[in-house]
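User: I would like to go through this structure with you. Could we take it topic by topic?
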Amino acid sequence: MVDKQQTIEVYNSFFAVARQLKKLAHQSAANLGLTVHQIGILNSIRTDPGLTQKEVTERLVFAKSRVSLHIDALVEKGLATREASELDRRETKLYVTTDGDQLCLRYNEEAYSHKVLEIALQRYSKEELDSLVAMHKQILAQL
């Protein structure tokens, strides 16, 4: 049975790790001239081409107005495109451009947050890491 102090300790631990990774992710995105939200949008439409703005908003849990501004900036920078849906002309589908794809790959390869985490995780076995991911998924499903 988990006591109140353990719950607080686990909460603080999750929060501290997430805060540090978020800080590093923001720095990595800024080095490429983007925000971490813009990288998230690019990665989403790169992985799943043709998502609508609404689907991106739901998937990333961003404010609708912010997603629109981020998409505008990505289109303006030539990293993403908007195309009207053939099925419903009121809907706009989002696609990553070649430049956007290359930037995503570069971010995913070079992101300092990924590198630092990889170094930190090297001390753990594959089984321990699999267990950690499984526990996180189980906890997230309960929240």
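Predicted model: local features only at pLDDT ≥ 70, side-chain atom pairs only at ≥ 80, totals over all residues.

User: What does the C-alpha trace span along its principal axes?
Analyst: The span is about 55 × 30 × 25 Å. Of the contacts between residues at least 6 apart in sequence, 53% join residues at least 24 apart.

User: How much of the protein chain counts as buried?
Analyst: Of its 143 residues, 24% are buried. The accessible surface is about 10400 Å², and carbon and sulfur atoms account for 55% of that area.

User: What about positive and negative side chains?
Analyst: There are 19 positive and 19 negative side chains, and the centres of these two sets are 5 Å apart.

User: New topic: how many aromatic pairs does the structure hold?
Analyst: It holds one aromatic pair. The partners are tyrosine 11 and phenylalanine 15, whose rings are 6.0 Å apart centre to centre with 10 degrees between the planes.

User: Why does that pair count as stacked?
Analyst: The planes of tyrosine 11 and phenylalanine 15 are 10 degrees apart, and planes under 30 degrees apart count as stacked.

User: How are the two residues placed in helix H1?
Analyst: Tyrosine 11 and phenylalanine 15 are four residues apart in helix H1 (residues 4–31), so about one helical turn separates them.

User: Is tyrosine 11 buried or exposed?
Analyst: Tyrosine 11 is exposed, at a relative accessible area of 52%. Phenylalanine 15 is partly exposed, at 45%.

User: Now histidine 114. Which helix is it in?
Analyst: Histidine 114 belongs to helix H6 (residues 112–121). Its relative accessible area is 37%, so histidine 114 is classed as partly exposed.

User: Which residues does histidine 114 contact, leaving aside neighbours within four places in sequence?
Analyst: Those contacts are with Tyr107 and Asn108.

User: And how far is histidine 114 from glycine 100?
Analyst: Their C-alpha atoms are separated by 19 Å, and the two residues are 14 residues apart along the chain.

Key: Residues numbered from 1 in each chain as written. Heavy atoms only, no water. Phe/Tyr/Trp six-rings, centres within 6.5 Å; stacked < 30°, edge-to-face > 60°. Buried < 20%, exposed > 50% of the residue type's maximum accessible area, 1.4 Å probe, protein only. Contact = heavy atoms within 4.5 Å. Areas by Shrake-Rupley, 256 points an atom, 1.4 Å probe, with all protein chains shown as cover. Lys, Arg positive; Asp, Glu negative; His and termini not counted. Charge placed at Lys NZ, Arg CZ, Asp CG, Glu CD.
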